[in-house]
Amino acid sequence: MTSTITKHHDVVVVGGGQAGLALGYFLAQQGRDFTILEAAGEPAAAWRERWDSLALFTSARYDALPGLAFPGAPNRYPTRDEVADYLTDYARRFELPVELGSRVRSIHRAGHGYVLELDDRTYEAEQVVVATGPFQEPFVPPIAERLDEGVVQMHSTGYRSPESVPDGRVLVVGGGNTGFQIAEELSASREVHLAIGSRQTPLPQRILGRDLFWYLDATGLIRKTTASRVGKLMRKREDTLIGSSPRRARRHGIELHGRAVGATGSTVTFADGADLDVRGVIWATGFRVDHSWIDVPVFDENGRAVHDRGVTASPGLYFLGQLWQHTRGSALLGWVKDDAAYIAERVGAFRSRPLPTEIAGAKR
Ligand SMILES: Cc1cc2nc3c(=O)[nH]c(=O)nc-3n(C[C@H](O)[C@H](O)[C@H](O)COP(=O)(O)OP(=O)(O)OC[C@H]3O[C@@H](n4cnc5c(N)ncnc54)[C@H](O)[C@@H]3O)c2cc1C
């Protein structure tokens, strides 16, 4: 469709999840002219896509965006729906200009700023912040295609509750928090197997009565930067199981396997050569980031955004909310505010940057 309307803002934020909203809070405080473009038709879309029984691994104390405490007792673990309600209320309370149903199809440079194309309109902005989330495109390994149509398969984003899965033997593929939690939920009503491609270090959710994140916060580990020695070490072992473990899974009667490496008919084969006949498969195999719609040369050969704490080499273009954008907390509810405050500061500085001397001289 050809764009007919062109709108102008100083800053356009793409994505209205927690990262976009946290940034919006600071931009509103600066009194800046901005808008937040959100593809989904309702707020907190990413959280609403997650399974029904999801409980956060961070306690309410560590789930607040800037300026608004997360409601309820600080030591409890809120549900998916509570997060969706909190984010919805957050946008309303701070009157953040979120435009729902507004997917940005492309971004390119033009003049001194950027042009953002939507299906029905175009935006021009001096500065753009991409806050489209660390978990975008559901990833399913190619072996999925070799399973029969009779086997019910879904990515974890398609899983809602045990009712979404047929009776009979189910295989969950993926040894991260999502795989373990879904397998555990299903194990109450059927035979469940879990394929673990790479083992993640299990950590207890509470240690000596305190939340794991209390320790990460108190020791400063959550704020160690990607560039620091400790940060690099943490990043290498970033994937940790919080509250789940192989031992706990076995207690629930879940049978553990190695990596799922092949499939044919209704049979899945594992790295050790063993195979298993299944009725259903849940692919808890993660996500890929897709920035192919951003036509600005700020990506490396693998399509990863090149930036320094979210600031790219293209003046006025930023990222926010990426995994390890700056610290372990960068993509978490309770800590995204640190990066949001920093990007907001850079956005402010960009506007107040003195003109190059030749231009400033010519104006006088
Ligand atoms: C299963 C799961 C459990 C998690 N549990 C926790 C937890 O307990 N505690 C915690 O702190 N963190 C948790 N996280 C991590 C993190 O908090 C969430 O992933 C969070 O949703 C990230 O927020 P975000 O705003 O960066 O991205 P998102 O929430 O993904 O928001 C990005 C938004 O951008 C929109 N968008 C995308 N592309 C476009 C486009 N082209 N144009 C316009 N809009 C677009 C999307 O519709 C979306 O609404 C969890 C993540 C997962 C996957």
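Q: Which word describes Tyr25, buried or exposed?
A: In this predicted model, local features need pLDDT of at least 70 and side-chain atom pairs 80 or more, whereas totals for chains, interfaces and linings use all residues. Residues are numbered from 1 along each chain as its sequence is written, and side-chain values use heavy atoms, without hydrogens and water. Relative accessible area sets the class (buried under 20%, exposed over 50%, partly exposed in between; 1.4 Å probe, protein chains only). Tyr25 has a relative accessible area of 14%, so the residue is buried.

Q: What is the relative accessible area of Tyr90?
A: Tyr90 belongs to an aromatic cluster that also holds Tyr25, Phe26, Phe70, Tyr86 and Phe94. Tyr90 is buried, and its relative accessible area is 0%.

Q: How many aromatic pairs are there, and what is the arrangement of the rings of Tyr25 and Tyr90?
A: Rings of Phe, Tyr and Trp (its six-membered ring) pair if their centres lie within 6.5 Å; planes under 30 degrees apart are stacked, over 60 edge-to-face, and the rest tilted. The model has 12 aromatic pairs by this rule. In the pair of Tyr25 and Tyr90, the centres are 6.3 Å apart and the planes stand at 40 degrees, so the arrangement is tilted.

Q: How many residues apart in sequence are the parts that Tyr25 and Tyr90 tie together?
A: Tyr25 lies in helix H1 and Tyr90 in helix H3, residues 80–93 (DSSP runs numbered from the N terminus, helices H or I of at least four residues, strands E of at least two). The pair therefore ties together parts whose separation in sequence is 65 residues.

Q: What is the arrangement of the rings of Phe135 and Phe287?
A: The ring centres of Phe135 and Phe287 are 5.6 Å apart. Their planes are at 55 degrees, so this pair is tilted.

Q: How far apart in the chain are Phe135 and Phe287?
A: Phe135 is in the loop between strand E6 (121–130) and strand E7 (137–138), while Phe287 is in strand E20 (residues 287–288). Phe135 is partly exposed at 40% relative accessibility, and Phe287 is partly exposed at 27%. The pair links distant parts of the chain, with a separation of 152 residues.

Q: Which side chain has an N or O atom 2.6 Å from an oxygen atom of the ligand?
A: The ligand is surrounded by 32 residues, the closest being Gln18, Glu38, Phe57, Thr58 and Leu333 (a heavy atom within 4 Å). A backbone N or O atom of Val104 is 2.9 Å from a ligand nitrogen, and a polar backbone atom of Ala19 is 3.0 Å from a ligand oxygen. The side chain at 2.6 Å from an oxygen atom of the ligand is that of Glu38.

Q: What percentage of the ligand's accessible area does the protein cover?
A: On its own, the ligand has 980 Å² of accessible area (Shrake-Rupley method, 1.4 Å probe). The part of this area that the protein covers is 91%.

Q: Which element gives the most residues to the shell around the ligand?
A: Two elements give two or more residues to the shell, helix H1 (18–29) and helix H2 (45–48). With 3 residues, the element that gives the most is H2.

Q: Which class of accessibility does Leu208 fall in, buried or exposed?
A: Leu208 lies in the loop between strand E12 (206–207) and strand E13 (210–211). Its phi is positive, near 50 degrees, although the residue is not a glycine. At 81% relative accessibility, Leu208 counts as exposed.

Q: What is the relative accessibility of Arg309?
A: Arg309 is in the loop between strand E21 (294–295) and strand E22 (317–319). This residue is not a glycine, yet its phi is positive, at about 50 degrees. Arg309 counts as partly exposed, with a relative accessibility of 23%.

Definitions and conventions:
Polar contact = N/O pair within 3.5 Å; in protein donor to acceptor, adjacent residues only side chain to side chain.
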